[in-house]
Amino acid sequence: MIEGILIGLTTALTFQNILMVMVGCFFGTIIGMLPGLGPMTAIALMIPITYGFDPATGLILMAGVYYGAVFGGSTSSILLNAPGVPGTVATSFDGYPMAQQGKAGKALAIAAWSSFAGGTLSAIYLLFMAPSLSKVSLSFRSPDYFALMILGLTAIAAFSSKGQFLKAMMMVVLGLMLASVGQDSLSDITRFTFNNMNLTDGISFVLVVMATFAMSEALTIILKRNDPTSAAKQVSLTELGSIKINKEERTKMYKTIPRSSIIGFLIGVLPGAGATIASFLAYGMERNVVSDEEKEKFGKGSVNGLSAPETANNAACSGSFVPMLTLGIPGSGTTAVMLGALLGFGVQPGPRLYMTNPEIFWSIIMSMYIGMVILLILNLPLIPYIARILAVPKNYLIPLILFFSVTGIYVMSFNNFDIYLMIGIAVVATFLRLYDFPMPPLILAFVLGGLMEENLRRSLLLSNGSWEFLWDRTLTACILATTILIVVWHIYKTFKKKN
Amino acid sequence: MNINTTKIISLLFFIFSAFYLYTAYQIQVFAFDENAPFNARTFPIYLGYAGLFFSGLKLILPDPNTIKVDHKNLEYKKTGILILIAIIYGATILKVGYFLTTSLFLFASYYFLGERRWILMFLLSFPFVAAFMYLLHGILDIYLRDPFLQSIGVMG
């Protein structure tokens, strides 16, 4: 492991890679701050640029963007009560009241320090857990992988917003359907191409991500421009206040950060759960463990209430790298995008990644530490200046997002058809978003579609067409039992709420 | 059963899944693969049935969280124009070239979204695209096809 850490440090500490972490953190923070544009959009916009680098550098850039965007989301949560990403919704519960009390600077500083601590602690957990998880996952066979993918897709649907399970499952199926377009990987038989040569190679991952996130995000913002419920609120930047944290506040944070980082990391490791669930759970747990006096302050500007979700959401970001790097199963929508980018680089994540490509595996883990430090160094002094980005007029922002989306596709294929297809998918996605059909399950399914079919093929061929492979191995049966438990728990919760 | 837009979308998804399933059954497989435990049409067939199942459930079950969209507040016209500009951009980018079409696309989009600060609009289109092109083509060595710049001798 020491050798791996040294390889990772050598790769991560090159001038180019440090620069990439800095650039990633900076742009991620800016994009994450803009309401509606989260880490997924930020990473999707970066994909065409990363293809100009080697895999390690490209991934380091994306990891920097990821952390930056999560922190940026907290900034708009605190200043505008408009979370840039779902993972920072819980941050606004106490962050925004603090800002209204004239303590915006302090709230941003607490968020920055908590994010830093949460991210650093979870990077340490990741450092020790990832190799052992890799060893465990070496015993995985095709049926286990197939079951794990079913679990991941079910979990992301079950953990989506209230009452959205069926909608999310429909999006999962749609994502898998889109992934099935093109040549069959084994027989080369074309499927769903309707004799169109442009579809023979299937639909590009970047195209689907750009269409469902960046482009449809931009179209949704324009569409809802006059909607009073989504109108952006303005903030008085003169009321940022001091960014210093006093001793009493620090003491509160010392207690909150360790427990929230453990929750965040463990939730992040679960496929499909991610930063949103982690931040809400950490907030809820924190409210239960603090004194009655402190409990009263929750929702009115509590330091614990702000620190807990901020620690947890960054810890979950690191945690979500575990299943992606060790199993090839993304822990969140954002890591699904990164997994797609990895596959685009020709790197197959999985238990053997840290043996076959140790420089990629370890440099990502090492760059997380570096990313956390840089995020703190960059963001603390720049808080008042970064906040001004929130004033970027949408008249400029929207065309620039569309421009980046089209450029991404143009550079990849030099093909008009792909641009039309992207616009078509974006229009459908915009309409679906309007009626609360979630997009992350679609992306996760699209990324996993090929792998899922491949593992089902192997399992069915090995069992001679019998579905007994689902319960023949204890591990497969356990994973499927967990999937069934998640579905049953979800149905139970829905009925309980109704009654 | 209440008919709302979510139900209509579910119905459309149901029809789409039925069409997908029909097309999946039409996939031509090799003769020796026809009765194999798994062939090119197996997975799509399962997906077709899954689509029918979930959209069917959504259609039948009551919808506790009905989404109400106030269409009066939605900017359909501007969104439509922006989509149209993007389609024209996509149609011309290969023939005319990256620089001119992208700059014009940005300029036109700013204009249709209501912007009238001409100098800023210009700076954030032509020089901005030139700088971006230099980053991609000049520094990152990513090829950008541009017949227009080639015709005037700016690009090799």
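Visitor: How does one describe two packed helices, and at what angle do the axes of H9(A) and H20(A) cross?

Guide: Two packed helices are described by the angle between their axes and the distance between the axes. In this predicted model, the axes of H9(A) and H20(A) come within 11 Å and cross at roughly 180 degrees. H9(A) is therefore roughly antiparallel to H20(A), because angles over 145 degrees count as roughly antiparallel.

Visitor: Which residues make the contact between H9(A) and H20(A)?

Guide: From H9(A) come A:Phe205, A:Val208, A:Val209 and A:Thr212. H20(A) contributes A:Leu442, A:Ile443, A:Phe446 and A:Val447.

Visitor: How should I think about nonpolar residues, and which ones touch the most other members of the largest nonpolar core?

Guide: In soluble globular proteins, nonpolar side chains tend to be buried together. Here the largest nonpolar core has 187 residues, and A:Ile43, A:Met210 and A:Met422 touch the most other members. H9(A) gives the most to this core, with 15 residues. Domain 1 (5–60) and domain 2 (73–151) of chain B both give residues to this core, so the core lies between them.

Visitor: Which residues does A:Ile43 touch, leaving out those up to four places away in sequence?

Guide: A:Ile43 touches A:Met62, A:Val65, A:Tyr66, A:Thr334, A:Val337 and A:Met338.

Visitor: What does chain A look like as a whole, in helices and strands?

Guide: Chain A has 22 helices and two strands. Of its 499 residues, 61% are buried. Among the contacts in chain A with a separation of 6 or more, 79% join residues 24 or more positions apart.

Visitor: How is the meeting of two chains read, and how many residues of chain A are in contact with chain B?

Guide: One begins with the residues on each side, then asks which elements supply them. In this case, 49 residues of chain A are in contact with 56 residues of chain B. On the side of chain A that touches chain B, helices H8 (165–179), H9 (205–223), H18 (394–413), H19 (416–434) and H20 (440–462) each supply at least two residues. H18(A) gives the most, with nine residues. The residues on this side of chain A divide into 30 nonpolar, nine polar and ten charged.

Visitor: How is chain B divided into domains?

Guide: Chain B is divided into domain 1 (5–60) and domain 2 (73–151). The C-alpha centres of these two domains of chain B lie 40 Å apart.

Visitor: Is B:Gly97 buried or exposed?

Guide: B:Gly97 is buried, because 20 other C-beta atoms lie within 10 Å, and 20 or more is the cut-off for a buried residue. B:Gly97 sits in the loop between helix H3 (76–96) and helix H4 (98–112) of chain B. Leaving aside neighbours within four places in sequence, B:Gly97 is in contact with B:Arg145, B:Asp146, B:Pro147, B:Phe148 and B:Leu149. B:Gly97 and B:Gln150 are 53 residues apart in sequence and 8.9 Å apart in space, C-alpha to C-alpha.

Visitor: Lastly, where do A:Phe192 and A:Asn195 lie?

Guide: A:Phe192 lies in the loop between strand E2 (190–191) and H9 of chain A, and A:Asn195 is in the loop between E2 and H9 of chain A. A:Phe192 has a positive phi of about 55 degrees although it is not a glycine. A:Asn195, also a residue other than glycine, has a positive phi near 60 degrees. A:Phe192 has 19 C-beta neighbours inside 10 Å, so A:Phe192 counts as partly exposed. A:Asn195 has 7 such neighbours and therefore counts as exposed.

Key: Residues numbered from 1 in each chain as written. Chains lettered and ligands numbered in written order. Predicted model: local features only at pLDDT ≥ 70, side-chain atom pairs only at ≥ 80, totals over all residues. Contact = placed C-beta atoms within 7 Å. Helix = DSSP H or I, 4+ residues; strand = E, 2+ residues; numbered from the N terminus. Nonpolar A, V, L, I, M, F, W, Y, C, P; charged D, E, K, R; others polar. Buried ≥ 20, exposed ≤ 12 C-beta atoms within 10 Å, placed from the backbone. Domains from an automatic or database assignment. Core = buried A, V, L, I, M, F, W, Y, C linked by C-beta atoms within 7 Å. Axes fitted to C-alpha atoms, helices over the stretch in contact; angles between N-to-C directions. Parallel < 35°, antiparallel > 145°, perpendicular 65-115°, else oblique.
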